[in-house]
Amino acid sequence: MLSTDIDPCTYIDRESAIVMRVIKAIHCVTLLSAILLVKICLVTSSDLVNVATSGTAYQSSNLQDTNDPNRAIDGNTNSAWSGNSCSHTNPDQNAWWKVDLGKPYAVYEVIVTNRQDCCTGRILNAEVRVGNNEDIGSNIRCGALVGADRVNDETLVFQCDGPVAGRYVSVQLVDRQDNLHVCEVQVMVP
């Protein structure tokens with residue numbers, strides 16, 4: 001317990017534009033550590049909800065005129081092309097897909113549903129980025145690139161290092177020219 005003669009500190013998360021006021025540094029660091037520990041412990045995967053379905057999606061190109069990038073945020077995790085729920089680009093160099101969430105959220109993880117009826121390997125070397133920059137390459141990467149050991153997985157989970165503030169979430173092939181297709185992208189926030 002802090003004694004009444006110690007001025008309290010004000011905790012503001014790192015994404016905030018307000019600067020934390022520190023009166024007694026040691027006590028504030030202890031208090032800050034305790035608050036961060038509680039925040040981490042209280043947020044579990046079951047507490048997270050998908051906000052991508054209310055966003056607007058874009059991609060580097062469309063395989064067909066009727067191929068809408070918003071298929072990947074329609075709430076349908078059907079992983080077959082015939083289910084009309086997968087987005088699909090042309091074979092672009094560093095093909096990309098992104099969603100504009102309309103406002104920044106504290107993103108904990110991104111879940112990508114990979115196409116399963118064909119061509120699962122097209123997701124090889126894909127990365128997920130989250131941030132407030134419309135230029136997706138400037139945002140923070142969540143999780144690791146998709147390696148050969150994961151290309152056959154239907155569900156790919158990209159966990160961010162703690163919450164990442166972001167309005168834009170993207171999936172992009174890195175150093176590859178290929179089609180990119182994603183059947184669902186879920187952006188998970190508390």
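## Charges over rings

R71 lies over the face of W81, with 5.5 Å to the ring centre. This placement comes from a predicted model. A second case involves R150, whose charged end sits over the ring of F158 at 5.2 Å from its centre.

## Aromatic pairs

A pair of aromatic rings is described by how far apart the centres lie and by the angle of the planes. With the cut-off of 6.5 Å between ring centres, the count of aromatic pairs is zero.

## Nonpolar core

The largest nonpolar core holds 31 residues. Within this core, the residues that touch the most other members are W97, V110, V112, V171, V182, V185 and V187.

Two or more residues of this core come from each of the elements β5 (96-114), β6 (126-131), β8 (155-173) and β10 (181-189). The most is given by β8, which supplies seven residues.

## E127 in strand β6

Strand β6, one of the elements that give two or more residues to the core, also contains E127. E127 counts as buried because its relative accessibility is 7%, and the cut-off for buried is under 20%.

The side chain of E127 makes a polar contact with the R129 side chain, at 2.7 Å. When neighbours within four places in sequence are left aside, E127 is in contact with R141, L145, S170, V171, Q172 and V174. Of these contacts, V171 is also listed among the core residues that touch the most other members.

Terms used: Residues are numbered from 1 along each chain as its sequence is written. This is a predicted model: local features need pLDDT of at least 70, side-chain atom pairs count only at pLDDT 80 or more; totals for chains, interfaces and linings use all residues. Side-chain values use heavy atoms; hydrogens and water are left out. A nonpolar core is a set of buried Ala, Val, Leu, Ile, Met, Phe, Trp, Tyr and Cys residues joined through side-chain atoms within 4.5 Å. Buried means under 20% relative accessible area, exposed over 50%, partly exposed in between (1.4 Å probe, protein chains only). Helices (H or I, at least four residues) and strands (E, at least two) are DSSP runs, numbered from the N terminus. A polar contact is a pair of N or O atoms within 3.5 Å; within protein, one must be able to donate a hydrogen and the other to accept it, and residues adjacent in sequence count only if both atoms are side-chain atoms. Contact means heavy atoms within 4.5 Å. Rings of Phe, Tyr and Trp (its six-membered ring) pair if their centres lie within 6.5 Å; planes under 30 degrees apart count as stacked, over 60 as edge-to-face and the rest as tilted. A charge sits over a ring if NZ of Lys or CZ of Arg is within 6 Å of the ring centre and within 35 degrees of the ring normal.
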